[in-house]
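Welcome! Here is a short tour for anyone meeting this structure for the first time.

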Amino acid sequence: MDTMMPLMTRATERTSDVVRAVRREQLGAPTPCAAFDVEGLINHLEWVAELFESLGRGGPRVEQAPYAGDFPERAERTLAVWSRSEAWEGTSPAMDMPMTTLAHMYLVDLVVHGWDLARATGLPYEPEPEAVARALDFTGRMVEMGRRRGVFGPPVAVPDDAPDLDRLLGLIGRDPAWTP
């Protein structure tokens, strides 16, 4: 918790900044996350925030609701739940995974989807290097399970000496050179 909570907080802040800067006319634009346009991706982030808030309380999986445009507020509630030490204890009854694993999943979602939105809209986005490194390390250990569950696509080749963010994106099936 001591090292992850600050990373989760800063990743949430940086992604929230991108979400707040998206203009209404950009909502229909494509994103590097092929399943979503910009509005759909923000809606997915709303669900991610609501889901991890529930899981952090020991609650159930929640269904994705329609787009509401309130991701930053939902994400703040998520962080409030995860700022409690008991959120980090044990295993999630809903997901049957250690709570620390869920925290890492949240971090990966925020780092990657922040990049997706920034790339789709031309907005600036600079994830914290330590958050990217942590997300890359975690994803490297979980990528095959993620692929089996349909969360990650086939890997995209990137140079061995590519920046960590590019390596993370390639690992999960994103092309770091993607343009709209």
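**A first look at the helices**

Of the 19 residues of helix H2, 17 are buried, so H2 is largely enclosed by the rest of the structure; buried here means under 20% relative accessible area with a 1.4 Å probe, protein chains only. This is a predicted model, in which local features need pLDDT of at least 70 and side-chain atom pairs count only at pLDDT 80 or more, while totals for chains, interfaces and linings use all residues. Residues are numbered from 1 along each chain as its sequence is written, and side-chain values use heavy atoms, leaving out hydrogens and water.

**Helix H2**
- H2 covers residues 38-56 and reaches 27 Å from its first C-alpha to its last, close to the 27 Å expected at 1.5 Å a residue (1.5 Å times one less than the number of residues); helices are DSSP runs of H or I, at least four residues, numbered from the N terminus.
- At its start, a side-chain oxygen of Asp37 comes to within 3.3 Å of the backbone nitrogen of Glu39.
- Just after H2, Gly58 has a positive phi of about 80°.

**H1 with H3**
- Helix H1 (residues 4-21) and helix H3 (residues 71-82) pack at about 175°, their axes 10 Å apart.
- That makes H1 roughly antiparallel to H3, the word for angles over 145 degrees.

**Phe152**
- Phe152 sits in the loop between helix H5 (129-148) and helix H6 (164-172), and is buried, at a relative accessible area of 17%.
- Leaving aside residues up to four places away in sequence, Phe152 touches Thr139, Met142, Val143, Gly146, Arg147 and Ile172, where contact means heavy atoms within 4.5 Å.

Terms used: Axes fitted to C-alpha atoms, helices over the stretch in contact; angles between N-to-C directions. Helix = DSSP H or I, 4+ residues; strand = E, 2+ residues; numbered from the N terminus. Parallel < 35°, antiparallel > 145°, perpendicular 65-115°, else oblique. Buried < 20%, exposed > 50% of the residue type's maximum accessible area, 1.4 Å probe, protein only. Polar contact = N/O pair within 3.5 Å; in protein donor to acceptor, adjacent residues only side chain to side chain.
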